[in-house]
Amino acid sequence: MWKNKNVWILLTGEFIAGLGLWMGIIGNLEFMQEHIPSDFMKSIVLFLGLLAGVFVGPLAGKVIDSYSKKKVLIYSGIGRTLSVIFMFLALYFESITFMIVFMIVIQISAAFYFPAIQAVIPLIVEDQDLIQMNGVHMNVATLARVLGTALAGVLLVVMNISFLYIGSMVAYLFILITTYSLKFDEAVSTTRDNKKNSSFKEIIPILRETPIVLTALILTIIPLLFIGGFNLMVINISELQGDPSIKGLLYTVEGLSFMIGAFFVKRITHYFKPINLMFAFAFVISIAHLSLFFSDSKMMSLISFGLFGLGVGCFFPIAATIFQTKIDKQFHGRFFSFRNMLDRVMFQVVLLSTGLLLDTIGIRYMVIVFGVFSIASVIYFGLRHSRQTPHKHNVLEKDVI
């Protein structure tokens, strides 16, 4: 795998783009913290961008399966680069409206880009290398997040916020250039009939026929309950403790723990069934959510975010490998777009709920609500899974990793 030029191109591009992405996200948080006092209104602004991504999801899935995935990556990269212009306008005019336009354009670009990346990975590495590639890819993205947020924090102290978005635009231009260097074989439906008959609805019967994929999809809701309110919780914890520097520390601890988890998971997948590991790490994530009841303590909040990072670092590489191996490659575009839509819808629900609950009952009781729901869901679906025919699942799972 490490002799594959495409792997290095993809990972290098992911790292540079990740730096730009997280510098921009810290800039967004700073801009909202200055201009939007309500947590609920902050969640509304984030919600509008995510909603746009959901609307284009079915189109994105069909396009990725019907056309060149490399071209999809290039065009979505162009859209992501140009989107930063609207944020410059938002800064110049101190306009929330321009920020919303920025969020919409960048989320539409992401609705094409990220499912296409997930569909490309199985085309450039062998199946036996997928879990390692998924883990490394996520680790690179996480390292970029840790360094990007730390760099953004330093730049905010010594420079104007606009320099964060200049950095973002330069990073997006870099990954756009590296995407042109990717070379891989892909089966693309080029005839008019194939493009016309490439229905997004075909994903539904495939999910019914592969219960391990359906179960894995359901379990991804658990980490999303934490991730959906991640940024708002970071802001709230910072205000609760009266310490702006805690924001960078929380991102750093969570990111480093994620990398440890993604490295560790490869070593245990040979001893346990993938779906059972997903249940175990979903439970760990639930405990991390509950432990934020003590978020007024600096040490406890760092432990909670570290525990969460460890859990998702193990959880997501397993989930990605199950999806990439159990779904036929000709449906990857539509499936990953469907998953992207599901994630975005859940993200929106959690985001709005987080903003509302933070304004009404506060972070300590909010995490109790989400944590109890997460643990109850893990127990319910775990018991339901155990009642299903063991032999059927053994056949489905034995060649996942």
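Analyst: Helix α10 (residues 211-219) and helix α14 (residues 274-291) have axes that come within 10 Å and cross at roughly 10°. The model is predicted: local features need pLDDT of at least 70, side-chain atom pairs count only at pLDDT 80 or more, and totals for chains, interfaces and linings use all residues. Residues are numbered from 1 along each chain as its sequence is written, and side-chain values use heavy atoms, with hydrogens and water left out.

Helices here are DSSP runs (H or I, at least four residues), numbered from the N terminus. Axes are lines fitted to C-alpha atoms, for helices over the stretch in contact, and angles run from 0 to 180 degrees between N-to-C directions. Angles under 35 degrees count as roughly parallel, and α10 and α14 are therefore roughly parallel to each other.

On the α10 side, the contact (heavy atoms within 4.5 Å) is made by Ile212, Thr215, Ala216 and Leu219. On the α14 side, Ile275, Met278 and Phe279 take part. By class, these are six nonpolar, one polar and no charged residues; Ala, Val, Leu, Ile, Met, Phe, Trp, Tyr, Cys and Pro count as nonpolar, Asp, Glu, Lys and Arg as charged, and the others as polar.

Met278 also belongs to the largest nonpolar core, of 88 residues, where Met278, Phe315, Phe323 and Phe335 touch the most other members. Such a core is a set of buried Ala, Val, Leu, Ile, Met, Phe, Trp, Tyr and Cys residues joined through side-chain atoms within 4.5 Å, with buried meaning under 20% relative accessible area (1.4 Å probe, protein chains only). Helix α15 (residues 298-326) gives the largest share of this core, 12 residues.

Conventions
Helices (H or I, at least four residues) and strands (E, at least two) are DSSP runs, numbered from the N terminus. Angles under 35 degrees count as roughly parallel, over 145 as roughly antiparallel, 65 to 115 as roughly perpendicular and the rest as oblique. Buried means under 20% relative accessible area, exposed over 50%, partly exposed in between (1.4 Å probe, protein chains only).
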